[in-house]
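Hi everyone, thanks for having me.

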Amino acid sequence: MMVMMMMVKRVFFLMLCLVQMQGVMTAEVHWCYTNSSCAPATWSINFPTLCNSTSRQSPVNINSSAAVPMSPVDPLSLYGWNATAGQNWTVTNNGHSVSVSLPGNLSVSGGALNGTYLTDSFHFHWGAPGNQSTGSEHAIDGVWYPLEMHIINYKQSYGNVSAAKNYPDGLAVFGVFFQVGGNFSSLDSILAALSNISRPGMNSSVMAPSLQSFVPGALESSIAGPFYRYSGSLTTPTCDESVIWSVFQAPLFLGQAQLDLFRTLLYYDAEGKEPLVNNFRPVQNLGSRAVYYTGTANATTTASTNATTTASTNATTTASTNATTNATTLSPATASPTAAAPGQHPPLPGLTTSLLILASLLTWAAGAHL
C-alpha cells in the first residue's frame with residue numbers, strides 16, 4: 001500500500017510539472033523588428049505554426065511581367081468610405097506601428113471578393129531617416145517605397161477579425177504605397193497626433209479625413225486605380241495565411257516632412273530609447289502562387305453620401321494597368337486546415353487529455369502494486 005501511495009505522489013508531481021510547462025509554453029511570445037532576439041529572422045522559430053510556412057506568406061516582391069491577366073470582374077465597391085470626414089478616429093501606438101481603428105459602418109464588396117468584407121482598421125509600415133528606398137513591405141519589380149499603408153477588411157460572415165484569421169478568405173487587405181512628392185493633407189490630422197502617442201499603448205482621438213482619399217484614383221473619378229491580387233498572409237506574427245491581398249500599383253504622394261514625422265516621433269519602448277523605425281517584414285518566397293491583374297479600372301465607390309476633402313490635389317496616381325483576380329482560386333470559402341487560432345500557439349495537451357493521462361498512470365500504478 002505504501003508503494004502505491006508513493007507512485008500516486010509521483011504521478012501527481014508529474015502532472016503538476018505538465019501543467020506548469022503548459023503554462024510556460026502557451027505564454028505570449030514577444031516579437032519585434034529591430035532587436036536580434038525577436039526580429040523577423042526569429043519568427044519562424046518562435047511562431048513555427050505558420051511563420052515558417054512556405055505556402056502563402058507575405059509580403060512578396062511582385063514581378064509585374066509575370067502577373068497573370070484576368071478577364072474583367074465586377075467592380076470593387078467601397079461603401080461609406082467617402083463619408084468618414086469629420087468622424088472621430090482613435091490613433092494608437094501599438095508598439096509595432098501607428099494603427100487607426102474605424103467605425104463599423106464601412107464595407108467592401110465585389111472585385112472578385114467572395115462576399116462582403118467589413119472595414120476594421122488601417123496601419124503603416126516605414127523605414128528609417130535618410131533612406132527613401134526601404135519602408136514598404138511589398139515591392140514591385142524589386143522597388144520598395146518609403147511608406148506602405150494596410151487597410152484591414154474582414155469577411156462579414158466570420159463575425160470579427162480574430163475569427164476571420166482562421167479562414168483562407170477571412171481577410172481582404174489593401175496595400176497602398178506612398179512616395180515622397182506633394183503634401184498629402186488627408187494624413188495631417190493623424191500626423192498631428194503622433195507626438196501624443198510616442199510610447200506604446202498611447203492613443204489619441206483625431207478628426208477623420210475621407211477614407212476614400214487613401215485609395216489611389218478613387219477620390220476624383222470614383223474609380224480606384226489598378227491593383228495586383230494574390231493570396232497571402234498577415235505580415236506579423238502569427239502570420240495567419242488568411243489574406244486576399246490587393247496591392248495598388250500607383251503610389252499616393254506625401255511630403256518629406258510628413259514622412260519624417262513617422263520616423264522621428266515614435267518609439268518601440270516606454271522609455272523612449274528605441275525609435276520606431278524599419279517596422280517591415282522582409283519579402284517572402286512567392287513560390288508557385290500566381291499574381292493577377294485585370295486590364296480595366298474596376299473599383300467603384302458607392303457610399304450613400306459624399307464627403308468633401310482637401311486631398312483631391314494630393315491623391316494623384318500614375319499607373320496605367322489594372323489588377324484583380326479570380327475569386328475561385330483566391331477566395332475559397334473553406335476553413336484552412338493549418339490555420340492557428342489567433343494569437344495562440346500549437347496547443348499542448350489540455351485538461352481533459354491530462355486527466356486521461358493521470359487516470360492511465362493511476363490504473364497502471366494500481367495494477368502494478370496491488
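First, some ground rules. This is a predicted model, so local features need pLDDT of at least 70 and side-chain atom pairs count only at pLDDT 80 or more, while totals for chains, interfaces and linings use all residues. Residues are numbered from 1 along each chain as its sequence is written, and side-chain values use heavy atoms, with hydrogens and water left out.

Okay, the big picture. The protein chain has eight helices and 17 strands. Helices here are DSSP runs of H or I with at least four residues, strands are runs of E with at least two, and both are numbered from the N terminus. Of the 370 residues, 49% count as buried. Buried means under 20% relative accessible area, exposed means over 50%, and partly exposed is in between, using a 1.4 Å probe and protein chains only. Now contacts, meaning heavy atoms within 4.5 Å. Among those between residues at least 6 apart in sequence, 77% join residues at least 24 apart.

Let's zoom in on strand β9, residues 147-155. How many of its nine residues are buried? Nine of the nine. Leu-147, Met-149, Ile-151, Asn-153 and Lys-155 point one way, while Glu-148, His-150, Ile-152 and Tyr-154 point the other way, and all are buried.

And which strands does β9 pair with? Pairing, by the way, takes at least two bridges found by DSSP between two strands. One partner is β7, residues 117-126, which runs antiparallel to β9 and is joined to it by nine bridges. There, Thr-119 stands opposite Asn-153. Another is β10, residues 171-180, which is also antiparallel to β9, with eight bridges. Here you can find Met-149 opposite Val-176.

On to the cores. In soluble globular proteins, nonpolar side chains tend to be buried together. For us, a nonpolar core is a set of buried Ala, Val, Leu, Ile, Met, Phe, Trp, Tyr and Cys residues joined through side-chain atoms within 4.5 Å. The largest one has 51 residues, and Trp-81, Val-98, Phe-122, Phe-124, Phe-178, Leu-187 and Phe-262 touch the most other members. Take Phe-124: leaving aside neighbours within four places in sequence, its contacts include Val-98, Leu-147, Met-149, Phe-178, Leu-187 and Phe-262. There's also a second, separate core of 21 residues, which includes Tyr-154, Val-161, Tyr-228 and Leu-234.

Next, the second largest pocket. A pocket is worked out on a 1 Å grid over the protein atoms alone: it's an open set of points where a 1.4 Å probe fits, with protein on both sides within 12 Å along at least five of seven lines, and lining residues have an atom within 4 Å of a point. This one holds about 160 Å³ of space. Its volume is the space filled by probe spheres set on the points, which are joined across faces, edges and corners. The lining includes His-30, Cys-32, Cys-38, His-96, Tyr-268, Asp-269 and Glu-274. By class, the lining has three nonpolar, six polar and two charged residues. Ala, Val, Leu, Ile, Met, Phe, Trp, Tyr, Cys and Pro count as nonpolar, Asp, Glu, Lys and Arg as charged, and the others, Gly among them, as polar.

Most residues other than glycine have a negative phi, and most peptide bonds are trans. Now look at Ser-58 and Pro-59, which are joined by a cis peptide bond with omega about 5°. Pro-59 is in the loop between α2 (40-46) and β1 (61-62). The bond from Pro-237 to Thr-238 is cis too, with omega near 20°, and Thr-238 is in the loop between β13 (227-232) and β14 (243-248).

What about phi? Ala-112 isn't a glycine, yet its phi is positive, about 70°. You'll find Ala-112 in the loop between β6 (107-110) and β7, and it's buried, with a relative accessible area of 8%. Asn-278 has a positive phi as well, near 50°. Asn-278 is in the loop between α6 (256-264) and β16 (292-294), where it counts as partly exposed at 27% relative accessibility.
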